[in-house]
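Here's a walk through one protein chain, meant to be read with the model open beside you. Start by finding the helices, then follow along.

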Amino acid sequence: MEGIRKMDQRSEYLTEKVRFGYSGKDIMRMVLLGVLGVLLVESVFSTIESFTITEVLASVIILVPAFLCFWKGTLGPVFRNRDSSAASRIAEQLRLSSNPKVPIASLEKALGMTKLDRKVQRLIRKRYLKNLVYDEGKREIQLSVVSEHMKEDWYQRVYCPNCGAENMVRIGWIAKCQYCGTLLPDRNEQKED
């Protein structure tokens, strides 16, 4: 794994983008791109003798790739590692939740974080978190995939009368078979038949 500790791929709320630490390749890339960025900036300032419009434009054209090299090589990985850590902490709290709707205020309290609603939205948008929806009006996260201990309390197994497929349906909710689209009966109705 070369120094990278990948997250458990069975996590319901983390994407494969989440990882921690830097591999040898990452460190080498960070150093090389950082040095390249510094060399490009240094070359710009060492060649400017007078500030003519062509020299300034040429300098700007060289400074843009220099900034991108520096960002990609040094600052980008640091921010990605920080986002991975935040996503992991949030996903762990969501996994422990017994409710499919988790208020942001309770997550902020449990994690000791502030402005978590903006952070969750950003992590969803940047594809660090998956299988959840942020409801801005209610300030809560709605889980679209539930953990095993939640399934026992909130969901029931219902078999489709048309194709016989097993479906997990939230207790008290009306649903269609995920395979054939047939309206599923209430579990109580199935027991009576």
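Helices α2 and α4 pack at an angle of about 110 degrees, and their axes are 11 Å apart. Here helices (H or I, at least four residues) and strands (E, at least two) are DSSP runs, numbered from the N terminus. Axes are lines fitted to C-alpha atoms, for helices over the stretch in contact, and angles run from 0 to 180 degrees between N-to-C directions. That angle makes α2 roughly perpendicular to α4, since angles under 35 degrees count as roughly parallel, over 145 as roughly antiparallel, 65 to 115 as roughly perpendicular and the rest as oblique.

Who meets whom? On the α2 side you'll find R82, D83, A86, A87 and I90, and they meet L116, K119, V120, R122 and L123 in α4. Contact, by the way, means heavy atoms within 4.5 Å. Sorted by class, this contact has six nonpolar, no polar and four charged residues. For that tally, Ala, Val, Leu, Ile, Met, Phe, Trp, Tyr, Cys and Pro count as nonpolar, Asp, Glu, Lys and Arg as charged, and the others, Gly among them, as polar.

A word on what you're looking at: this is a predicted model, where local features need pLDDT of at least 70 and side-chain atom pairs count only at pLDDT 80 or more, while totals for chains, interfaces and linings use all residues. Residues are numbered from 1 along each chain as its sequence is written, and side-chain values use heavy atoms, with hydrogens and water left out.

Now zoom in on D83, which sits in helix α2. D83 is buried, with a relative accessible area of 2% (buried means under 20% relative accessible area, exposed over 50%, partly exposed in between, with a 1.4 Å probe and protein chains only). Leaving out residues up to four places away in sequence, D83 touches R122, L123, K126 and Y128.

Next, the largest nonpolar core: it has 22 residues, and those with the most contacts inside it are I90, L94, L116 and I141. Such a core is a set of buried Ala, Val, Leu, Ile, Met, Phe, Trp, Tyr and Cys residues joined through side-chain atoms within 4.5 Å. At least two core residues come from each of α2 (53-96), α3 (104-111), α4 (116-125), β4 (132-135) and β5 (140-143), and α2 gives the most, with five. Click on I141 and, again skipping residues up to four places away in sequence, you'll see it touch L94, P100, K101, V102, I104, L107, V120, L132, V133 and Y134. There's also a second, separate core of six residues, including V158, C160, A165 and V169.

What about the cysteines? The structure holds zero disulfides, a disulfide being a pair of cysteine sulfur atoms within 2.5 Å. For C160, the nearest cysteine sulfur is that of C180, 3.5 Å away; C160 is buried, at 4% relative accessibility. For C177, the nearest is that of C163, 3.7 Å away, and C177 is buried too, at 5%.

Finally, check the backbone in two loops. Most residues other than glycine have a negative phi. K115, in the loop between α3 and α4, has a positive phi of about 50 degrees and is exposed at 55% relative accessibility. R127, in the loop between α4 and β4, has a positive phi near 65 degrees and is exposed at 60%.
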